[in-house]
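Visitor: I would like to learn how to read a structure like this one. Where do we start?

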Amino acid sequence: MKPIITLAGVLLALASACAQAEPIVIKFSHVVADDTPKGKGALMFKRLAEERLPGQVRVEVYPNSTLFGDATELEALRNDEVQLLAPSLAKFEQYTKQLQVFDLPFLFDDIEAVNRFQKRTKGKQLLRSMEDKNITGLAYWHNGMKQLSATRMLRLPSDASGLSFRIQPSAVLEAQFGAVGASTQKIAFADVYDALRTGTVQGAENPWSNIYSKKMHTVQPYIIETDHGVLDYMVVSNTRFWMGMPHKIRFELEAILDEVSFMVNREAEELNSADRERIRQAGTSEIVALTPEERERWREAMRPVWQQFEPVIGADIIKAAETVNR
Ligand code: LMR
């Protein structure tokens with residue numbers, strides 16, 4: 001019997017051929033400028049993914065909160081309206097308390113210590129701490145150590161008393177500033193420059209690359225080299241989306257992410273130092289180096305925050321982080 005070719009059959013075959021030909025679209029949204037560790041990482045991921053999976057994957061990068069900002073991006077990820085994000089580790093509080101370990105002041109001596117923690121068992125486990133919320137951690141990306149900035153010179157913790165600081169949405173950061181008598185306001189990253197310019201807040205904490213790329217040095221006369229905490233990122237995807245991709249494509253994208261993470265993490269410190277130098281040359285703010293004794297005073301003042309958050313973060317996680325300092 002001859003096969004009967006119906007119009008409906010032809011249309012169905014065509015539709016499925018078209019469906020297969022459609023590339024998987026990955027929207028990668030973030031809140032910083034292109035010329036920062038995260039911004040560069042997102043663009044490198046796009047380039048490599050489209051080069052190595054031509055026609056199969058298209059990556060759309062949206063920097064500077066142009067698609068979603070701090071307040072909406074994680075819910076948008078969970079709803080599959082965006083497929084990749086790299087929020088700062090301070091922005092996951094709603095989904096897990098464990099990641100707050102990264103916000104504890106003076107816990108990590110430097111970015112190398114942070115790196116060691118992220119590579120060890122506990123650090124890797126934290127990548128999976130939000131899977132029950134449909135959020136999968138794929139990698140850690142560095143930005144760098146945070147510096148304080150303010151409208152007045154801050155040499156000792158008591159100098160911060162009475163000032164209001166912009167913070168990311170993290171109870172640890174709120175407590176950190178509370179410990180030195182300062183108040184805080186949670187403000188989305190896109191609005192920080194204006195909040196500093198108009199005096200809504202008088203201070204902030206940021207790595208050099210964020211200060212420079214958002215011109216915060218032009219509205220903060222003092223930047224104090226405290227290196228008191230870390231601002232790093234977790235690259236995350238919607239668990240169902242990521243696991244639902246064809247295996248070959250997913251494995252290739254994960255290999256690309258490894259490569260990009262290596263590049264971001266290798267170059268972040270250099271980029272931050274270069275931006276520190278640009279800020280110094282701009283001459284709009286005084287860069288204040290603390291003496292070891294002054295820095296120790298800040299550490300002593302803020303250190304009680306560790307005990308306060310130990311029950312929520314987990315003593316085992318804090319201990320594991322502490323041991324990475326040399
Ligand atoms: C901030 O809100 O200060 C940072 O999380 C911005 C960023 O993504 O680096």
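Guide: Start with burial. A residue is buried if 20 or more other C-beta atoms lie within 10 Å of its own, exposed if 12 or fewer, and partly exposed in between. Keep in mind that this is a predicted model.

Visitor: Is leucine 257 buried or exposed?

Guide: Leucine 257 has 20 other C-beta atoms within 10 Å, so it is buried. Its place is in helix 10, residues 247-282. Beyond four places in sequence, leucine 257 touches Phe45, Leu138, Ala139 and Val235. Take Leu138 from that list. Leucine 257 and leucine 138 are 119 residues apart in sequence, yet 7.9 Å apart in space, C-alpha to C-alpha.

Visitor: What share of the 326 residues in the protein chain is buried?

Guide: Buried residues make up 43%.

Visitor: How many helices and strands does the protein chain have?

Guide: The secondary structure comes to 13 helices and eleven strands. The radius of gyration is 22 Å, close to the 20 Å from the globule rule for 326 residues, so the chain is as compact as a globular protein of that length. Along the principal axes, the C-alpha trace spans about 90 × 45 × 30 Å.

Visitor: What can contacts say about the fold?

Guide: Look at sequence separation. Among contacts between residues at least 6 apart in sequence, 78% join residues at least 24 apart.

Visitor: Which residues does isoleucine 223 contact, leaving aside neighbours within four places in sequence?

Guide: Gln147, Ser149, Ile211, His217, Ile279, Ser285, Ile287 and Val288. Isoleucine 223 sits in strand 9. With 25 other C-beta atoms within 10 Å, isoleucine 223 is buried.

Visitor: Where does tryptophan 208 lie?

Guide: In helix 8, residues 208-213. Tryptophan 208 is buried, because 28 other C-beta atoms lie within 10 Å. Not counting residues up to four places away, tryptophan 208 touches Gly144, Gln147, Asn272, Asp275, Arg276 and Ile279. Leucine 196 is twelve residues away from tryptophan 208 in sequence and 16 Å away in space, C-alpha to C-alpha.

Visitor: And a residue in a loop?

Guide: With 18 other C-beta atoms within 10 Å, aspartate 159 is partly exposed. Its contacts beyond four places in sequence are Arg152, Met153 and Leu154. Aspartate 159 and valine 180 are 21 residues apart in sequence and 8.4 Å apart in space, C-alpha to C-alpha.

Visitor: What should I look for in backbone angles?

Guide: Phenylalanine 106 has phi near 60°, a positive value in a residue other than glycine. Phenylalanine 106 is in the loop between strand 3 (84-85) and helix 4 (111-119). It counts as buried, because it has 20 C-beta neighbours inside 10 Å. Lysine 215 also has phi near 60°, again positive in a residue other than glycine. Lysine 215 is in the loop between helix 8 and strand 9 (222-225). With 15 C-beta neighbours inside 10 Å, lysine 215 counts as partly exposed.

Visitor: At what angle do helix 12 and helix 13 pack?

Guide: Two numbers describe a helix pair: angle and axis distance. Helix 12 (residues 304-313) and helix 13 (residues 315-322) pack at about 120°, with axes 7 Å apart. That angle makes helix 12 oblique to helix 13. Helix 12 contributes Trp306, Glu310 and Ile313 to the contact, and helix 13 contributes Ala315, Ile317 and Ile318. By class, that contact has five nonpolar, no polar and one charged residues.

Visitor: Which elements do the buried residues of helix 6 pack against?

Guide: Strand 6 (164-167), strand 7 (183-186), helix 11 (292-302) and helix 12. The buried residues of helix 6 (residues 171-178) are Val172, Leu173, Glu174, Gln176 and Phe177.

Visitor: Last topic. Which residues surround the ligand?

Guide: List the shell, then sort by class. The shell is Val31, Val32, Ser88, Asn143, Gln168, Phe189, Asn206, Asn210 and Leu231. These divide into four nonpolar, five polar and no charged residues.

Technical notes
Residues numbered from 1 in each chain as written. Predicted model: local features only at pLDDT ≥ 70, side-chain atom pairs only at ≥ 80, totals over all residues. Axes fitted to C-alpha atoms, helices over the stretch in contact; angles between N-to-C directions. Helix = DSSP H or I, 4+ residues; strand = E, 2+ residues; numbered from the N terminus. Parallel < 35°, antiparallel > 145°, perpendicular 65-115°, else oblique. Contact = placed C-beta atoms within 7 Å. Nonpolar A, V, L, I, M, F, W, Y, C, P; charged D, E, K, R; others polar. Near = placed C-beta within 6 Å. Rg over C-alpha atoms; globule rule 2.2 N^0.38 Å.
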